[in-house]
There are 2 protein chains.
Amino acid sequence: MGELVFIGLGLHDHLGISLRALEEVRTADQVFIELYTSLLPAFSTEKLAELAGKKLRNIVRKDLEEENGEVVLEAAKTGKAVLLVPGDPLIATTHVALRIAAEKRAIRTRVVHGASIVTAAIGLSGLHNYKFGRSVTIPFPDDIPSLTPYQVIGQNKKLGLHTLCLLDIRTEEKRYLTINKALEQLRKIEAQKKDGAVTENSVAVGVARAGSNNPVVKADFVGELLKHDFGEPPHTLLFIGKLHFMEAEALITLADAPEKLRELSE
Amino acid sequence: MGELVFIGLGLHDHLGISLRALEEVRTADQVFIELYTSLLPAFSTEKLAELAGKKLRNIVRKDLEEENGEVVLEAAKTGKAVLLVPGDPLIATTHVALRIAAEKRAIRTRVVHGASIVTAAIGLSGLHNYKFGRSVTIPFPDDIPSLTPYQVIGQNKKLGLHTLCLLDIRTEEKRYLTINKALEQLRKIEAQKKDGAVTENSVAVGVARAGSNNPVVKADFVGELLKHDFGEPPHTLLFIGKLHFMEAEALITLADAPEKLRELSE
């Protein structure tokens with residue numbers, strides 16, 4: 001009977017994989033890898049292939065989203081197939097769809113978890129995890145304009161909650177939405193809607209290259225943050241709701257926030 | 001100049017550590033490990049010490065929460081100290097406090113991320129990550145009774161959002177709150193408050209031993225879930241808000257949910 005193991009690669013490069021995951025790759029009959037759902041900026045397929053002693057077959061968006069992962073399912077029918085994915089697997093809905101398809105064909109599925117940008121960005125900011133409301137992805141402005149991110153930030157803010165914003169990527173075109181572009185876009189919507197979700201004086205945290213040895217974590221008022229250079233992608237953006245005094249302390253010490261934040265905390 | 005590296009051990013056992021993290025441990029002058037903020041049920045300190053070729057010094061709650069991590073900070077003043085923690089570091093607020101204390105003493109800090117129960121439980125359930133509202137920890141019922149978890153579940157539900165509930169642990173006493181006990185407790189509060197947050201017909205998902213090779217993931221109505229045996233800890237509990245039809249499909253296929261859930265989805 002066949003088996004399909006979803007394996008999370010964690011963050012940044014080929015060294016984010018866990019010992020358990022590497023062992024699963026070593027004992028697989030076929031190893032697939034997809035690198036389009038998130039950006040691992042320093043990842044080397046060659047180096048991971050060498051570490052695991054296996055050939056890695058690259059899977060692109062079309063394989064999963066148009067052909068429903070048929071090539072992976074076919075391999076998993078008779079042997080042990082592994083699908084390597086950035087971050088923690090099954091956070092991207094396309095992987096959940098593939099897992100359901102496999103189970104429906106009586107292919108056993110398992111999951112080996114990896115570090116995710118969701119907890120990494122929150123952890124690096126020093127903000128309290130249980131104070132985050134729902135998260136949202138900010139799409140490129142040239143897509144159909146979406147009010148959702150602005151509304152989610154506003155709804156969370158009214159509840160005193162923070163918002164984690166993942167920023168859109170188009171790996172195939174090597175295009176990655178930046179913190180600055182995302183902020184500009186939200187400011188434009190604010191100018192129209194005037195709900196106060198993202199004003200000049202809103203506090204936000206930009207996180208760049210989480211999982212690398214030199215992540216940039218910078219908290220400030222949106223007006224100031226717009227001028228900050230975060231460097232290379234990937235970028236993530238957090239909006240602040242109500243600030244606990246311990247969180248203000250964390251942002252000042254760990255995220256180079258202005259001392260003034262202390263006055264806004266409670 | 002000294003350095004303190006926070007390293008996430010990931011889930012379940014000593015093989016959850018990443019290759020990058022293991023390399024950091026190998027090159028450290030002193031290695032500390034705390035295993036009280038989360039349960040890694042199959043973790044072996046001896047095996048990790050052997051893999052890393054280092055002595056691991058155990059840190060208990062008192063070291064961090066009463067003595068403010070003085071022993072770790074002292075070691076980090078002059079050399080490279082590493083603190084190993086379950087899951088993804090800095091999700092527990094006590095680690096953030098230690099990081100702030102280190103930076104204030106001009107000790108450089110870095111973070112190596114690990115897999116977290118937060119994204120693992122959500123991924124295993126097949127539910128959509130961006131549909132989760134704020135998360136909450138359910139304390140033992142013999143602590144000061146807290147209405148917060150009940151209120152958070154209710155607030156999220158009104159917004160159509162799911163809730164991730166972490167269940168309290170007292171590692172020192174080897175006591176771990178179970179899904180069944182947590183559900184009983186919430187049902188008792190429901191009987192008093194009658195806000196409809198956790199009724200017999202609420203849908204929830206229990207996740208046991210995420211990160212192991214045999215996690216139990218079971219979705220059902222609360223009345224049924226109360227009778228389910230989830231086995232050994234750690235346990236996590238998810239409450240459902242509005243269910244997308246793809247999520248219903250995932251719960252039925254991946255979490256053994258009753259077919260009836262399909263009718264509740266949209």
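Helices (H or I, at least four residues) and strands (E, at least two) here are DSSP runs, numbered from the N terminus. Keep in mind that this is a predicted model: local features need pLDDT of at least 70, side-chain atom pairs count only at pLDDT 80 or more, and totals for chains, interfaces and linings use all residues. Residues are numbered from 1 along each chain as its sequence is written, while chains are lettered from A and ligands numbered from 1 in the order in which they are written.

**Helix H8 of chain A**

- H8(A) covers residues 179–193, and its end C-alpha atoms sit 21 Å apart, which agrees with the 21 Å that 15 residues should span at 1.5 Å a residue. That expected span is 1.5 Å times one less than the number of residues.
- Which residues of H8(A) are buried? They are A:Ile179, A:Ala182, A:Leu183, A:Gln185, A:Leu186, A:Ile189 and A:Glu190. Seen down the helix axis, they fall within an arc of 160 degrees, so they line one face of H8(A). The arc is taken from the directions from the helix axis to the C-beta atoms.
- "Buried" means 20 or more other C-beta atoms within 10 Å of the residue's own, "exposed" means 12 or fewer, and "partly exposed" is in between, with C-beta atoms placed from the backbone.
- On the other side of H8(A), A:Glu184, A:Ala191 and A:Gln192 are exposed.
- The buried residues of H8(A) pack against several elements of chain A, including S6, S7 and S12.

- S7(A), residues 163–167, is mostly covered, with five of its five residues buried.
- A:Thr163, A:Cys165 and A:Leu167 point one way from the strand, and A:Leu164 and A:Leu166 point the other way.
- S7(A) pairs with S6(A) (residues 136–138) in the parallel sense over three bridges; pairing takes at least two DSSP bridges between two strands.
- S12(A) (residues 235–239) runs antiparallel to S7(A), joined by four bridges.
- A:Cys165 has A:Val136 opposite it and A:Leu237 of S12(A) as a bridge partner.

**Helix H5 of chain A**

- H5(A) has 12 residues and reaches 17 Å from its first C-alpha to its last, close to the 16 Å expected.
- Its buried residues are A:His95, A:Val96, A:Leu98, A:Arg99 and A:Ala102. These also fall within an arc of 160 degrees, so they line one face of H5(A).
- Among the partners they pack against are S4 and S5 of chain A, together with helix H10 (245–254) of chain B.

**Where chains A and B meet**

- 49 residues of chain A are in contact with 49 residues of chain B, contact being C-beta atoms, placed from the backbone, within 7 Å.
- The largest share of the chain A side, six residues, comes from H5(A).
- A rotation of 180 degrees with 0.0 Å of shift along its axis superposes chain A on chain B (RMSD 0.0 Å). The two copies are thus related as by a two-fold rotation axis.

**A:Thr37**

- A:Thr37 lies in the loop between S2 (30–34) and H2 (45–52) of chain A.
- Why is A:Thr37 partly exposed? It has 18 other C-beta atoms within 10 Å.
- The C-alpha atoms of A:Thr37 and A:Asp168 are separated by 9.6 Å, though the two are 131 residues apart along the chain.

Notes
Contact = placed C-beta atoms within 7 Å. Least-squares fit on C-alpha atoms with pLDDT ≥ 70 in both.
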